[in-house]
Amino acid sequence: MASKLGSKIRSTRLQRKMGLRQLARRIGKSPAYIVELERSKAVPGVSEETLEAIARELALDLDVLLPLAAKTPRELTPKSATEVALYRLVGQLPQDRQEALKAELEAEIAKPGPPPPKGKR
Amino acid sequence: MKKTHAHPHECLEGLTLKSEWTVVRRIERPPGASGGHFSCGYLVENPRGKKGYLKALDFYSRLPASKDPARALEPLLKAFNFERDLLALCRTRRLSRVVMALDDGAVTVPGMAGPATVQYIIFELADGDIRSQMKVADRLDVAWVLRSLHHIAVGLDQLHRIGVSHQDLKPSNVLLFDEERLSKLADLGRASHQGTEPPHYSFTVPGDQGYAPPEALYGAPLLSSEARRRGLDAYHLGSMIASLFTTVAMTPLIIMGLETKFHWRRWTGNYEDALLFLRPAFADAVDYVLAEVPEEYRREIGEALRQLCDPDPDHRGHPRDRAGIGSSYALHRYVSSFNKLARTAEYELTRAHDDDS
């Protein structure tokens, strides 16, 4: 059994009827690299740039691929202890509560108002 | 100045050899090619304009540094003479899908300090090896892949018919000729000949370990030598299917799908137990390859792949041949099958081309 990341990439690639070589050429990698990515049981080392390119070529959501590759998007690297604590707390909530909180936060952020002061996100 | 620092086999440019071959220039070895320490290659040409590839071997220049030159020389000469005799046999029997040796001999390089005699073999000049085509194609050229498989199977079958097993079939040992439309097997350096003991007789894996069948890596009890050699060629032929369609050989495709504890480097159990996890990993690897094969060829390619690369050497080969009294690893059925598939693909290609124009 391949890793979840590999299975996701492969199933999407096959759905889109894209050959190994075609995907490899489009993302600037060798076909053997794609084979390893798709076949390896362990999640292989893969950069965010490569995942971005794969997501673009296969019309996949990068936010779906990144956790499968056990990666955090660069812009989400915590910038304060509060952000780390929030991440931990949210992680402890069940999925449905996380969804509800996400909706609440999105509504909060969508509200018109003055932008938050610099450095205090 | 160059000659005082270089080994004699690196200094053949400009020399005229027997049979009037002239050494034109050195040809860089493609990345991944084997035999680099003692050999290098040159483009040669004869007065009739025929070109060839000269493989120059350096046996003698390092001897003064050896404590026991006679012992040091023995395996090198044995291997060289063994390969040279096999090549002569292939030439006599006119094997059309094995790279032919046009000439061989020895030349003494002038102006060298110390032993300066270089042995060489001149081969027909190839356009390159099959890896160049495998990698450049953006989309798989199915007709070319199937025709290559057919040529490779013919080459192995021709060798088997004269009692020779190649034992080191891999993409870098398949050379392309005739504007890359004709594939031939090269490098008999690890081959064996029925009735003679090859220099590498005792090796569990005579060729490249990256292409070895799982039973060799997991230390399975070996079948009789002759059966083992034919079984190895059969496995390698199946592995070429995987390589041509995915650019990755069958063994790494199987191993990639295993948990680390089942990797052959860690496995301490017997092969029978290893088959319990190798079989599903193999089935998965076959599915992986077949997903890259166009649907109209999938059934027959799948059958060939499953039969040729079965992790259990007792179950390897065509079922009809396994049941018969001849060789379990006979390849003639695969020759026919690949030829038929290649013809179909070539016909489809021509038809598509005609429709376009």
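Tutor: In chain B, 52% of the 357 residues count as buried, meaning under 20% relative accessible area with a 1.4 Å probe and protein chains only, while exposed is over 50% and partly exposed lies in between. Keep in mind that this is a predicted model: local features need pLDDT of at least 70, side-chain atom pairs count only at pLDDT 80 or more, totals for chains, interfaces and linings use all residues, and side-chain values use heavy atoms, with hydrogens and water left out. As for labels, residues are numbered from 1 along each chain as its sequence is written, and chains are lettered from A and ligands numbered from 1 in the order in which they are written.

Chain B has 11 helices and 10 strands; these are DSSP runs numbered from the N terminus, with helices (H or I) of at least four residues and strands (E) of at least two. Of its contacts with a separation of 6 or more, 66% are between residues 24 or more positions apart, where contact means heavy atoms within 4.5 Å.

Now for our part. Strands E6, E8 and E9 of chain B make an open sheet of 3 strands, in the order E6-E8-E9 and with antiparallel pairing. Two strands pair if DSSP finds at least two bridges between them. At the edges stand E6 (128–129) and E9 (182–185) of chain B; each has a single partner strand, so one side of each is left without a neighbour in the sheet.

Look next at how E8 (residues 174–177) of chain B meets E9(B): 4 bridges join them in the antiparallel sense. Phe177(B) stands opposite Leu182(B) in E9(B), and Leu175(B) has Lys184(B) in E9(B) as its bridge partner. E8(B) and E9(B) form a hairpin with 4 residues between them, and in that turn Asp178(B) has a positive phi of about 55 degrees.

What covers the two faces of E9(B)? On one side sit Leu182(B) and Lys184(B), on the other Ser183(B) and Leu185(B), and all of them are buried. Helix H4 (residues 142–161) of chain B packs on this sheet: H4(B) touches E8 and E9 of chain B, and its direction makes about 35 degrees with that of E9(B). For these angles, axes are lines fitted to C-alpha atoms, for helices over the stretch in contact, and angles run from 0 to 180 degrees between N-to-C directions.

There's another sheet in chain B to set beside this one. Its 5 strands form an open, antiparallel sheet in the order E1-E2-E3-E5-E4, with E1 (22–27) and E4 (101–108) of chain B at the edges, each pairing on one side only. From one strand to the next, the twist averages 30 degrees. Inside that sheet, E3 (residues 51–57) and E5 (residues 117–124) of chain B run antiparallel and share 6 bridges; Ala56(B), for instance, has Tyr120(B) in E5(B) as its bridge partner. Helix H2 (residues 69–92) of chain B lies across E3, E4 and E5 of chain B, at about 30 degrees to E5(B).

Then there's the packing. A nonpolar core is a set of buried Ala, Val, Leu, Ile, Met, Phe, Trp, Tyr and Cys residues joined through side-chain atoms within 4.5 Å. The largest one has 111 residues, and Leu146(B), Tyr218(B), Met250(B) and Ile301(B) touch the most other members. Helix H8 (residues 271–290) of chain B gives the most to this core, with 12 residues. Ile301(B) is in contact with residues including Leu146(B), Phe245(B) and Leu341(B), leaving aside neighbours within four places in sequence. A second, separate core of 20 residues includes Leu12(B), Leu15(B), Trp21(B) and Ile122(B).

Finally, a glance at chain A. The axes of helix H1 (residues 4–15) and helix H4 (residues 48–58) of chain A come within 10 Å and cross at roughly 30 degrees. That makes H1(A) roughly parallel to H4(A), a label for angles under 35 degrees, with over 145 roughly antiparallel, 65 to 115 roughly perpendicular and the rest oblique. Among the residues making the contact are Leu5(A) and Ile9(A) of H1(A) and Leu51(A) and Ile54(A) of H4(A). Leu5(A) counts as buried, at 0% relative accessibility, and Glu48(A), placed in H4(A), is buried too, with a relative accessible area of 11%.
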